[in-house]
Structure formats: C-alpha cells, structure tokens
Amino acid sequence: MRALFLFLLILLAGSNHANVPERINRKAVVTRHNIKSDRFSKRSPAQVGNGEIAFGVDLTGLQTFVPFNTLSQWGWHSDPVPEGVEIGNFRGQQVEQNGKMVTYPLRNEENEEQRMISDWLTGNPHRINLGRIAFSLLDEQGEEVQMDDLQHCQQEVDLWTGIISSYFEIDGIPVQVYTACHPERDLIAVSVESRLISLNRLAVEISFPGASAANSRKGNYIGIWNEPDNHSTTYSRGNRQVNFTRRLDQDCYYSTLSWDTPANFSEVEGTMHTFRLAPEGERMAFTCEFSPKEIRKKRVTATATLEASKKGWKRFWESGAAIDLSGSKDERWFELERRIVLSRYLMKTNESGSLPPQESGLVNNNGWYGRFHFEMIWWHLVHWPLWDNLELADKSLSIYRDFLETARMRAKGEGFNGAKWPKCTAYTNVEWPDIAHAFLIWQQPHPIYFAELEYRQNPTRKTLKKWSDVVFSTAEFLASFAYYHPEKGEYVLGPPIVPVSENTKYGDTFNPTFELGYWRYGLKTAKTWYQRLDSVVPPPIDTVYQRLSPYPMEDSLYVLYEGIPDMWSKYTFEHPAIIGIYGMLPGDGVDRKVLENTFDKILSSWNFRRIWGWDFPMLAMTAVRLGRPELAIDLLLHDNYIFDEHGLAYGEGSPYPYFPSNGGLLTAIAMMAAGWDGCSEDAAPGFPNDGSWKVTFENLHKLP
C-alpha cells in the first residue's frame with residue numbers, strides 16, 4: 001500500500017497543468033500590472049468606475065488640469081426639436097431591392113422640414129458629461145497653481161482594489177489623494193491628506209456643463225462650459241450635503257455632494273454652475289453621487305466607498321476566469337498578460353452596465369454622439385461569457401428583448417418578416433439617417449450567437465424560453481432578407497448592402513462573403529433552437545439555409561463579394577472580414593484550402609496600417625483554427641495594435657480609444673487557451689506548443 005501511495009505521488013508530480021490544474025495566484029497576476037504614471041497625459045485618463053458610470057482623472061486624482069469626462073450609461077440629452085417640425089414626419093428614402101421599393105432611414109433633403117428632421121435625428125440623443133470635479137490649488141503667493149508647478153508626481157491604479165493613489169507636491173508640501181467608485185452606486189469617493197488644507201491652499205470645485213449635439217459628437221473632453229444660460233443648476237443644502245438638480249432642456253438629472261470632514265460649501269463667484277468645497281484641518285473626504293432620479297438612498301461615506309471598492313474588485317477578480325503566462329520563456333508574455341489584465345479592468349469599468357457600450361466606452365465620445373453600434377456588440381461583449389462572467393453581459397444584452405417590438409416594426413416597415421436590429425442607436429432604438437446605418441447587416445445574427453453562448457453554459461428550458469422570441473424573430477428576418485435568384489437557383493443577399501468593411505458601394509455589393517457565413521451560422525443555430533423546443537422549423541428558414549449561395553471565389557481565393565472588380569488591388573484595406581468565416585465563425589461551408597490561400601493573400605497584400613482593433617484578434621482566431629499559433633501571438637502584439645499605459649487601445653487612423661480592441665483580445669485569448677469546438681484536446685491549443693509558452697488558466701470557455 002505504501003509503495004502504491006508513493007507511485008501515485010510520483011505520477012501526480014509529473015503531470016502537466018492540463019491534467020492537474022495549477023491554482024492561479026490571481027492577486028499576483030493582477031497587481032503585477034498595476035498602472036504607474038509620473039507624467040500628465042492629455043488624452044489617456046486613469047479611470048475608476050462600475051460599468052454604469054466612469055470617472056476619468058489626471059495625475060492629481062481628479063480632473064484638475066485635464067478635463068476628462070464623467071460619463072454614464074444613463075446620461076443623455078436631446079436638443080429641442082425645431083419649432084414647427086414633427087420628427088414623426090420623417091420619410092427617409094426609397095431604394096430598389098430585388099425588384100421592389102423599400103423605404104430606408106436615409107437622409108432626406110426634399111424640403112426644409114425633411115432636412116431639419118434628418119439633422120435632428122443625426123445628433124439626438126447624445127451622451128453627456130455629468131460634471132467635472134477638480135482641485136483648486138494655490139501657491140505661496142495665492143496664485144492658481146499650473147500643471148508644471150507640481151513636483152514628484154506619482155500615480156498608481158491598484159487594479160485589485162479599483163483605487164487610484166495619486167501623490168504630488170506643491171512648494172515641497174505633499175498631497176496624497178485616493179479616488180474610487182462605489183461598485184453598486186454611481187458615486188465617486190475622494191480622500192485627501194495635505195498640510196495645504198490648513199494653509200487654505202487646497203479646495204475642490206465641482207462644475208456642471210451644458211450639452212448639445214454639436215459638442216457631443218466627438219472629442220476627448222465633452223461639455224459646454226461657456227453657455228451658462230442654456231442650462232440650469234439649482235441646489236438645496238442638508239447636513240454636510242448639497243443636492244443638485246440639473247436641467248438641460250427637457251432632460252433632468254441629479255447629483256449629491258457629501259463631505260465627511262469639516263468643510264465650507266459655497267458658490268464660486270461669477271459663475272452659475274461651479275461650486276467650491278473648502279476643507280478644514282489637514283484631511284478631506286467627500287463623495288459625489290450622480291443619478292437620473294432624485295437620490296434618496298442613505299448617505300455613504302468616502303471611507304465606506306473605498307472599502308466597498310476593495311471588496312467589489314476583489315470579488316470581480318476572484319470570480320470568472322483567469323490566465324497566468326508568467327511561466328513562459330517567450331519574453332513577450334509580460335506585455336500580452338498586461339494587455340489581458342488591463343482589458344479586464346477596463347471592460348468591467350466601462351462595459352458592464354445596463355446598455356451596450358459605445359466604441360470608446362465611458363472614456364469619451366469618439367465620433368457617434370456617444371451612441372452604441374449594434375454590429376460591435378459582438379466584439380464588446382462575447383468575451384464576458386467566455387471568461388465565465390455571463391452575468392456582466394446579461395445586463396446589456398437585455399437590449400434585444402427590450403428592443404424586440406421596435407425591431408419587428410423596423411422589419412415590417414421595410415417589407416421584411418421578423419425583427420431587424422439597428423446599426424447605431426441609443427436607448428431610443430431610433431436610427432439616424434445614414435447609408436451605413438440603413439444598409440449594414442452583419443449585426444443581424446448577433447443575438448442568435450449570444451443566445452447560443454448562454455445555452456452552452458446553462459442548457460435549460462429557462463434559457464431557451466428567455467431567448468426564443470429573439471432567436472426566432474431574428475431567424476425570420478434572416479430568411480426574409482435573403483432573396484431567391486431564379487437564374488442562380490439560390491438565395492442571395494443584396495444589393496443594397498454595406499459589408500463589414502464599409503468600403504464598397506451599397507448598390508454593387510452582392511453576396512458578401514462574411515454576411516453569407518454569418519447567415520449560415522444564424523439559420524443553422526436557429527434550426528437547432530426550434531428542435532430543442534420541440535417545434536417545427538419554419539420552411540423558409542430551412543429552405544434558405546439549404547439553398548443559400550456559396551461563398552464567392554475567384555482564382556481559388558475568397559473575395560469580398562460576388563463579382564467584385566479588382567479585389568486584391570483596390571479593396572485591401574479596412575476590416576478583412578472575409579477571413580472571419582473561419583475564426584470568428586466556425587466555418588460552415590468553408591473550403592479550408594481556399595481559406596488558407598485567402599489568409600496568406602491577406603497577410604501578404606493587405607494594408608495593415610489601415611486596419612485596427614478587432615481586426616487583429618479576428619486574424620489571430622483564424623490563425624489558431626489553421627494551426628498557426630505562433631502567427632496568432634504575432635498578430636496580438638502587432639505594432640498597429642496599440643495598448644497605451646492605461647490599456648486603452650487604438651491603431652493608426654482609428655478612433656481613440658477603441659474598446660472592440662480590448663474585447664477582441666479577451667475573446668481571442670479565451671479561444672487560444674480553452675479551445676473551440678472540434679479542436680485538439682491539447683492544453684491551450686491556440687498557443688505555440690514548442691515550450692516557449694506556459695499557459696495556466698481557470699474557468700475559460702470554448703468558442704463555438
């Protein structure tokens with residue numbers, strides 16, 4: 001018996017991590033990537049947040065010298081509708097599709113009213129900056145301190161606790177600041193220690209800006225600060241508390257400033273929307289809560305909020321999945337792991353709230369008035385279920401059930417069955433008039449994909465019932481949108497279509513490759529859902545799936561769309577999504593040899609300075625399905641796939657920041673570590689198996 005016991009111990013000692021998983025020291029993995037800064041950045045903030053609100057700060061721990069934003073999922077504004085104009089009168093434009101005229105949400109300038117409606121729909125609603133919280137700092141002569149006057153600046157974002165520690169000196173006098181966000185309330189807490197307080201040289205100011213469509217379209221700093229008469233701020237005082245009411249045209253919001261230590265509150269003279277909190281002693285602690293409704297909850301202190309942040313972030317890091325690359329011999333492991341950890345922090349801070357995120361999360365508005373893109377939901381949110389945090393995706397994925405009726409109305413209004421999902425919208429589910437918004441279609445199968453991911457983790461009738469209406473309505477649209485082409489004897493897609501790459505004419509785009517692949521996946525998966533619920537698959541869904549056109553091909557290469565002229569000389573820029581049919585998607589109907597040829601052609605001829613973000617994870621996912629894991633690593637560390645000091649990602653020519661980059665990275669890493677349907681049973685099959693990478697992971701899920 002003793003000999004058998006020793007033999008078993010020897011066997012266990014020799015086992016690799018695939019059979020006996022090593023327990024990851026999650027705190028060590030996370031904290032070795034704490035963000036440390038000693039220089040001001042004018043566009044890259046450190047952030048605290050809870051997914052519903054985020055607060056960006058400069059090196060002072062507040063928004064003192066760089067006016068970063070306080071953005072939320074619920075903070076929106078709409079300009080007044082022009083007098084005499086009725087938005088419901090919008091006509092759009094009619095476009096021929098498969099022999100019939102279809103009305104699409106396109107800009108209409110047939111008369112002044114239609115032009116004004118088109119303009120209003122373009123810019124409204126827009127996401128707003130809720131307010132700015134900044135230090136007022138004085139030098140020995142009583143003059144305002146400038147950014148360059150600060151000495152010995154040091155800031156650290158403690159990722160494990162979600163607390164930002166900021167240190168600086170003025171005239172040799174230290175200032176220590178701690179900044180945090182409450183995990184369950186839209187509340188920012190700040191604690192300050194400095195002798196400057198007793199010298200009456202440090203105070204805090206809170207300012208509230210106005211908003212407009214023109215101001216809110218894009219920019220690192222959102223808010224109108226020089227039009228005080230266009231919005232109002234009123235307040236009432238309480239015990240160490242001030243309750244603000246904010247009115248911007250027909251929109252109304254609330255904020256409560258509370259302080260735990262002795263301080264004097266006052267209006268800043270000569271302003272209408274700026275207020276000062278002047279502390280006493282040598283310590284200051286305060287909170288500022290923002291809300292779309294009057295704040296009636298019990299006050300929470302700064303100390304309690306800092307403690308809640310510690311517990312909330314510890315809970316997050318200890319839940320879900322984790323990965324440790326520290327045992328790797330490839331020296332790039334640290335940078336790849338840094339990108340992973342910072343992406344997890346940023347996605348929780350910016351993209352775990354009640355609405356799908358915009359491309360720049362809660363950092364700024366980077367071009368679309370703060371609205372979110374339905375086609376990007378995949379790249380923003382698929383990583384959550386793969387990283388075993390399905391609950392963090394579920395909050396915003398409820399948008400599909402919430403928008404279902406209006407999606408059905410959209411499909412019916414355009415002459416189709418089922419539900420048609422928008423391209424870019426806000427909480428209103430109203431498109432603004434634009435060519436891409438009218439004709440982009442690759443977002444349509446997304447809810448079927450999300451439903452399937454949830455079912456794979458929770459294969460219950462409850463899951464089926466939760467998603468069935470959305471899945472079936474989506475599949476009805478997929479089948480209805482496909483058109484039977486009598487000469488080909490096949491069902492075809494378009495025109496008009498704007499493909500994933502958005503770089504071809506919508507009237508010419510016929511049978512685009514990626515869209516055909518995603519239609520196949522959506523229809524096939526929907527058929528499975530009917531069967532799981534013991535329902536008959538509607539004939540149109542089965543017929544379109546069986547007779548959908550094959551992928552367009554020329555010279556043993558897949559091309560962007562059927563009949564495209566000069567594909568490889570004129571269209572090798574923007575998203576190379578033709579490769580996504582075998583990587584992002586499982587490759588139903590793909591000829592692997594043709595796919596390999598196409599992949600090699602993309603690698604040799606595509607302009608990699610004109611792709612960014614999720615393009616690199618998408619290419620990496622194809623690489624691993626093709627058995628090229630070394631290439632996948634190279635793509636995830638490409639020099640145009642950039643993650644700055646705070647983990648905010650971008651590329652040459654791309655918006656900044658671009659969160660599909662972070663979500664895409666996490667999705668690709670989950671696939672590379674946990675695998676995909678039909679892959680080998682090797683440990684971490686998407687990483688090189690040459691001894692250069694040691695990958696330890698917990699709770700990651702396979703990609704379909």
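1. Helix 5 passes helix 6 in a right-handed crossing, a term that applies if the near helix is turned clockwise from the far one by less than a right angle. The contact is made by W313, F316 and W317 of helix 5 together with V341, R344, Y345, K348 and T349 of helix 6, where contact means heavy atoms within 4.5 Å. By class, this contact has 5 nonpolar, 1 polar and 2 charged residues; Ala, Val, Leu, Ile, Met, Phe, Trp, Tyr, Cys and Pro count as nonpolar, Asp, Glu, Lys and Arg as charged, and the others, Gly among them, as polar.

2. The model is predicted: local features need pLDDT of at least 70 and side-chain atom pairs count only at pLDDT 80 or more, while totals for chains, interfaces and linings use all residues. Residues are numbered from 1 along each chain as its sequence is written, and side-chain values use heavy atoms, with hydrogens and water left out.

3. The axes of helix 5 (residues 302-318) and helix 6 (residues 333-350) come within 12 Å and cross at roughly 125°. Axes are lines fitted to C-alpha atoms, for helices over the stretch in contact, and angles run from 0 to 180 degrees between N-to-C directions. The two helices are therefore oblique to each other (angles under 35 degrees count as roughly parallel, over 145 as roughly antiparallel, 65 to 115 as roughly perpendicular and the rest as oblique). Helices (H or I, at least four residues) and strands (E, at least two) are DSSP runs, numbered from the N terminus.

4. Strand 12 (residues 173-181) is mostly covered, with 7 of its 9 residues buried, that is, under 20% relative accessible area with a 1.4 Å probe, protein chains only. Strand 11 (residues 163-170) runs antiparallel to strand 12 and is joined to it by 7 bridges; two strands pair if DSSP finds at least two bridges between them. The two form a hairpin with 2 residues between them, and D171 in the turn has a positive phi of about 55°.

5. Strand 12 also pairs with strand 13 (residues 187-194) in the antiparallel sense over 7 bridges, and a hairpin of 5 residues joins these strands. V177 is the bridge partner of S166, and V192 in strand 13 is the bridge partner of V177.

6. An open sheet of 4 strands has the order 9-14-20-19, with antiparallel pairing. Strand 9 (132-137) and strand 19 (263-267) stand at the edges, each with a single partner strand, so one side of each lacks a neighbour in the sheet. The twist averages 25° from one strand to the next. Strand 19 is joined to strand 20 (residues 274-279) by 5 bridges, and A263 stands opposite P279 in strand 20.

Notes
Buried means under 20% relative accessible area, exposed over 50%, partly exposed in between (1.4 Å probe, protein chains only).
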